[in-house]
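Student: Hey, can you walk me through this one? I'd like to start with how the chains meet.

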Number of protein chains: 4
Amino acid sequence: MTTATDREALVHRLHRIEGQVRGIERMVEQDAYCIDVLTQVAAASRALQSVALLLLDDHLRHCLTEAARAGPDMDAEVTEASQAIARLVRS
Amino acid sequence: MTTATDREALVHRLHRIEGQVRGIERMVEQDAYCIDVLTQVAAASRALQSVALLLLDDHLRHCLTEAARAGPDMDAEVTEASQAIARLVRS
Amino acid sequence: MTTATDREALVHRLHRIEGQVRGIERMVEQDAYCIDVLTQVAAASRALQSVALLLLDDHLRHCLTEAARAGPDMDAEVTEASQAIARLVRS
Amino acid sequence: MTTATDREALVHRLHRIEGQVRGIERMVEQDAYCIDVLTQVAAASRALQSVALLLLDDHLRHCLTEAARAGPDMDAEVTEASQAIARLVRS
């Protein structure tokens, strides 16, 4: 992760998602209508996905490009990034 | 949602996801390695997806089948369920 | 599947997707730029997903509601539909 | 895309997906059971996703690392790759 500002923004987003999940717990406890609960779950999923895409962009922008410049063999780093992308696409 | 037991189990799962998201916040604050953070984000996403699939199963099993038995016209209910599924598939 | 018209529209959509996939084959054979190929793969995926959502809506609208009206026990039908939704959400 | 062998393997996979989609068309024409059609659509989606992940891995391994070595400013290349990943994750 590059700057403290970026990290702070990311923590802020995650904190909001934590609140969304807590809100969904309340909805289930109060027996809210299934479809309304599902709408909130889909919103939290999308928010979590956006965080993942930010993290991945940051990883490519910093970690991976540093590795590319550092030496000739960056196969291990690319494999690691590709596996992370695959987990994300399949999640 | 049918029984209080089902609701409780769902709240428990959501509570665990809330804890996972809080853990990811800590990781970002402590500048953990991007790929490790991403692995945890993918795990939280999958857990949220499982909750959504449980909610949807419950909706089909109870709300939708009640509607089917209640009267001849359940187009509105099916459309609502289909839109919820689409939001989920696309999230 | 209800009407012959619905079936025909669905076959038409699938035929277009078949053409999209064939187009992607040509792009790869001609060594097109990876990002352009990926854009077309994402478009074909989305088109396939829309077909799946149409099939699912149709299933809920006809097969599942028929089952609900036919008898008291439709647990097997709901389980089957839920599993199909899960495969879709996770694919 | 690196080698002719890699390209050939990818074309072969895409050709199989094209056949899968054609098979789904036949199923719909013959009014096969919705759930069986859906199972085949999910399988074709997953196969298409695997092709996308291979293309992305190849892009990171070759195009992006070449860019990293070529010069100091690769922001445009990373942004392009990130956008392709986002389209994939959201498709």
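Student: How many residue pairs are in polar contact between chain A and chain B?

Tutor: The count is 10 residue pairs, both residues at pLDDT 80 or more. A polar contact is a pair of N or O atoms within 3.5 Å; within protein, one must be able to donate a hydrogen and the other to accept it, and residues adjacent in sequence count only if both atoms are side-chain atoms. Bear in mind that this is a predicted model: local features need pLDDT of at least 70, side-chain atom pairs count only at pLDDT 80 or more, and totals for chains, interfaces and linings use all residues. Residues are numbered from 1 along each chain as its sequence is written, chains are lettered from A and ligands numbered from 1 in the order in which they are written, and side-chain values use heavy atoms, with hydrogens and water left out.

Student: Which elements of chain A touch chain B?

Tutor: The ones giving two or more residues to that side are α1, α2 and α3 (75-90) of chain A. The largest share, 17 residues, comes from α2(A). Helices here are DSSP runs (H or I, at least four residues; strands are E, at least two), numbered from the N terminus.

Student: How many salt bridges are there between chain A and chain B?

Tutor: The count is 4, with a salt bridge taken as a side-chain nitrogen of Lys or Arg within 4 Å of a carboxyl oxygen of Asp or Glu. One of them joins A:D31 to B:R7, with the closest N and O atoms 3.3 Å apart.

Student: OK, so how much area is buried between chain A and chain B?

Tutor: About 3,900 Å², and carbon and sulfur atoms give 72% of that. Buried area is the accessible area (1.4 Å probe) that two parts lose on being put together, summed over both. In residues, 39 of chain A are in contact with 39 of chain B, where contact means heavy atoms within 4.5 Å.

Student: Switching to α1(A): how many residues does it have, and how far does it reach?

Tutor: Helix α1 of chain A covers residues 4-29, which is 26 residues, and reaches 37 Å from its first C-alpha to its last. That is close to the expected 38 Å, the expected span being 1.5 Å times one less than the number of residues.

Student: Which residues of α1(A) are buried?

Tutor: Among them are A:L10, A:L14, A:I17, A:E18, A:V21 and A:E25. Buried means under 20% relative accessible area, exposed over 50%, partly exposed in between (1.4 Å probe, protein chains only). An α-helix has 3.6 residues a turn, so residues three or four places apart point the same way.

Student: What covers them?

Tutor: The cover on the buried residues of α1(A) includes α2 (34-70) of chain A together with α1 (4-29) of chain B.
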